[in-house]
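Please open the model in your viewer and keep the selection tool at hand. We will go from one selection to the next, with a short account of what is there.

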Amino acid sequence: SEALRIQLIPTMVESWLGRDSMAVGREVRKWEAGPERDRAIEGIVEFLISTDARTEAAEWVEAVSDEKIRQRLKANLESP
C-alpha cells in the first residue's frame, strides 16, 4: 500500500546510504517536495546522526517540508 511504502522509505534509504552515500544525496535532491522526499531525508538524517555526522544531518533537516518531521529530527539532533 502507499502508506506502507512511505513508512518504509527511511529504512531503505539508510541501507542505500551504507553502499553509496553520494548517490543517495544526488538522487533525493532531485525528488519533488512531499512525503516521500521527507521520509527519505528522515532516513538520511537518522543515518548521519548514528555516524555522528551531525553537521551534515542538520543541513538535511532544513530540507524537510513537513514541520512535524522537521521538528522531531531537530530534537533528535539535539539529543546526545
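**Two helices side by side**

Begin by selecting H2 and helix H4 (residues 67–78), which pack at an angle of about 0° with their axes 11 Å apart (axes are lines fitted to C-alpha atoms, for helices over the stretch in contact, and angles run from 0 to 180 degrees between N-to-C directions). That makes H2 roughly parallel to H4, a term for angles under 35 degrees. Helices here are DSSP runs (H or I, at least four residues), numbered from the N terminus.

This is a predicted model, in which local features need pLDDT of at least 70 and side-chain atom pairs count only at pLDDT 80 or more, while totals for chains, interfaces and linings use all residues. Residues are numbered from 1 along each chain as its sequence is written, and side-chain values use heavy atoms, with hydrogens and water left out.

Next, show the side chains where the two helices meet: Asp38, Arg39, Glu42, Val45, Glu46 and Ile49 in H2 are in contact with Ile69, Arg72, Leu73, Asn76 and Leu77 in H4 (contact means heavy atoms within 4.5 Å).

**The whole chain**

Now zoom out to the chain, whose secondary structure comes to four helices and zero strands, in the pattern α-α-α-α along the sequence. Its C-alpha atoms fill a box of roughly 35 × 30 × 20 Å, taken along the principal axes.

Methods. Angles under 35 degrees count as roughly parallel, over 145 as roughly antiparallel, 65 to 115 as roughly perpendicular and the rest as oblique.
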